[in-house]
Amino acid sequence: MRIDRIDIYNVHNPFNHPFETSFTKFVNRDALLVKVYSEGLVGWGECKAFYGPFYNPEDNGTVQHVLGNIIIPRLLHTEVGGPEDFMGKFKFIVGNRLAKAAIENALWEILSQRTGKSIKTLLGGTQNEIKVGVSLGIEKDISTLFKMIEKYLALGYHRTKIKIHPGQDVEVIRAIRKEFGDITLTVDANSAYTLKDIDVFKAMDEFGLQYIEQPLGEDDIVDHSILQKQIETPICLDESIVSYESAAAAIRLGSCKVINIKSSRCGGMWEGKRIHDLCLEHHIPVWCGGMTELGIGRAQNVSFASLPGFSELAHDVAAASRYFEKDITRPMVDITDRCTIIVPDETNGIKYEVDEEAIDAMAVAHRIYK
Ligand code: OSB
Ligand code: MG
């Protein structure tokens, strides 16, 4: 596919409820969207970076630089075979995987249009619908958190995940178990702890959590393996899994028993699928993570989560209305009465059209490269 033109939109969309993690409190979703033009077709990609480098080292500013000054000038007016070929051609760029994934995802969209096959079919997805869970932020007090938990349990969400940080952890979990009993519960620390806090994690063993997500450093594989050996609760790595190689290292060292695959964190769906296949081979349960995406990224996550390994655990792919009043797809991504999301493919007629008027209304900048 020849790449003729690429547009980058900076969009701004307020959250309907602030989302607080151990690293920052989000009030708005500020994101970059890419629109890739190829031989009369158009594919969209959503970059999952945030306004600052809190979750991983990239942010919207670094992505703008890497796309605008490094990747796009080398991509324009060239031939690309597809996502895999793109990843090979840009392997010389170290890291910056969220930036790469934005373009990579758009190439899947173009490939889908060229072949008349859904992304699900192109990837080898097998599931018609995916099971959704909810990720809840840190709240100012326990009664506010309880109200949020109640709301999503009532909607049928299959798993409740709460964000924790030092000082708001074990006692919060104890209170939730007391109030809500045996619900499927997980916690996500987003790297807020070190091995010095080992007693905090030992204390969590009595609560039967499905897993503890990313307790230690974002670039750490070794300390997680030390921690995993001393606690019963499975560790699920998120931030630390940035590639096939890091997943292989984590599996070999026993650093986790579960992996949250965010394909964007690893450069895109092609790399994400390699990690999925590796985990399946090693019997490591996986689920599809989220980055509070707008509709383009959310819909692509739904397609990605159709892979066979994603059939057991619930995903951080909620209804768009969990975060936003307005979104950029028609219809907005939504849940069924079973609290699943239907995977779009050529047999069910489900599609998420990109709502360009909504994008224009949310855009604070628009750059054209051609
Ligand atoms: O660690 O999974 C995470 C949101 C922003 C950054 C990191 C994470 C999250 C979430 C929300 O937990 C998942 C979602 O619903 O999109
Ligand atoms: Mg996480």
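Helix α11 is largely enclosed by the rest of the structure, because 10 of its 10 residues are buried. Buried means under 20% relative accessible area, with a 1.4 Å probe and protein chains only. The buried residues of α11 are G295, I296, G297, R298, A299, Q300, N301, V302, S303 and F304. Helices are DSSP runs of H or I with at least four residues, strands are runs of E with at least two, and both are numbered from the N terminus. The model is predicted, so local features need pLDDT of at least 70 and side-chain atom pairs count only at pLDDT 80 or more, while totals for chains, interfaces and linings use all residues. Residues are numbered from 1 along each chain as its sequence is written, chains are lettered from A and ligands numbered from 1 in the order in which they are written, and side-chain values use heavy atoms, without hydrogens and water.

Helix α11 also gives the largest share of the lining of the largest pocket, 5 residues. A pocket is an open set of points on a 1 Å grid over the protein atoms alone, with protein on both sides within 12 Å along at least five of seven lines; lining residues have an atom within 4 Å of a point. The largest pocket holds about 660 Å³ of space. Its lining comprises 26 residues, and E109, S112, Q113, K351 and Y352 are the closest to its centre. Two or more lining residues come from each of β3 (41-46), α3 (97-115), α4 (119-123), α11 (295-304) and β14 (353-354). By class, the lining has 9 nonpolar, 10 polar and 7 charged residues. Ala, Val, Leu, Ile, Met, Phe, Trp, Tyr, Cys and Pro count as nonpolar, Asp, Glu, Lys and Arg as charged, and the others, Gly among them, as polar.

The second largest pocket has a volume of about 330 Å³. It is lined by 16 residues, with M87, K91, R97, K100 and E271 nearest its centre. At least two lining residues each come from α2 (83-89), α3 and α10 (269-281). This lining divides into 6 nonpolar, 3 polar and 7 charged residues.

The count of cavities of 30 Å³ or more is 1. A cavity is a set of grid points where a 1.4 Å probe fits but cannot get out. The volume of the largest cavity is about 210 Å³. Of its 26 lining residues, F19, S135, G290, M291 and T292 lie nearest the centre. Strands β5 (134-136) and β6 (160-163) give two or more residues to this lining. The lining residues are 10 nonpolar, 6 polar and 10 charged.

Ligand 1 is surrounded by 18 residues, of which S135, D188, N190, T292 and Y323 are the closest. Each has a heavy atom within 4 Å of the ligand. A side-chain N or O atom of K161 is 3.1 Å from an oxygen atom of ligand 1. Backbone N or O atoms also approach ligand oxygens, at 3.3 Å for M291 and 2.8 Å for T292.

The magnesium ion (ligand 2) is coordinated by D188 (OD), E213 (OE) and D238 (OD) at 2.0 to 2.3 Å. The donor spacing in sequence is D-x24-E-x24-D. D188 lies in strand β7 (residues 185-188) and E213 in strand β8 (residues 212-213), so the pair ties together parts that are 25 residues apart in sequence. D188 counts as buried at 1% relative accessibility. E213 counts as buried at 0%.

How values were computed: Grid points are joined across faces, edges and corners, and a volume is the space filled by probe spheres set on the points. Donors are N, O and S atoms within 2.8 Å of the metal (3.2 Å for Na, K and Ca); water is not among the atoms, so sites may look incomplete. Buried means under 20% relative accessible area, exposed over 50%, partly exposed in between (1.4 Å probe, protein chains only). A polar contact is a pair of N or O atoms within 3.5 Å; within protein, one must be able to donate a hydrogen and the other to accept it, and residues adjacent in sequence count only if both atoms are side-chain atoms.
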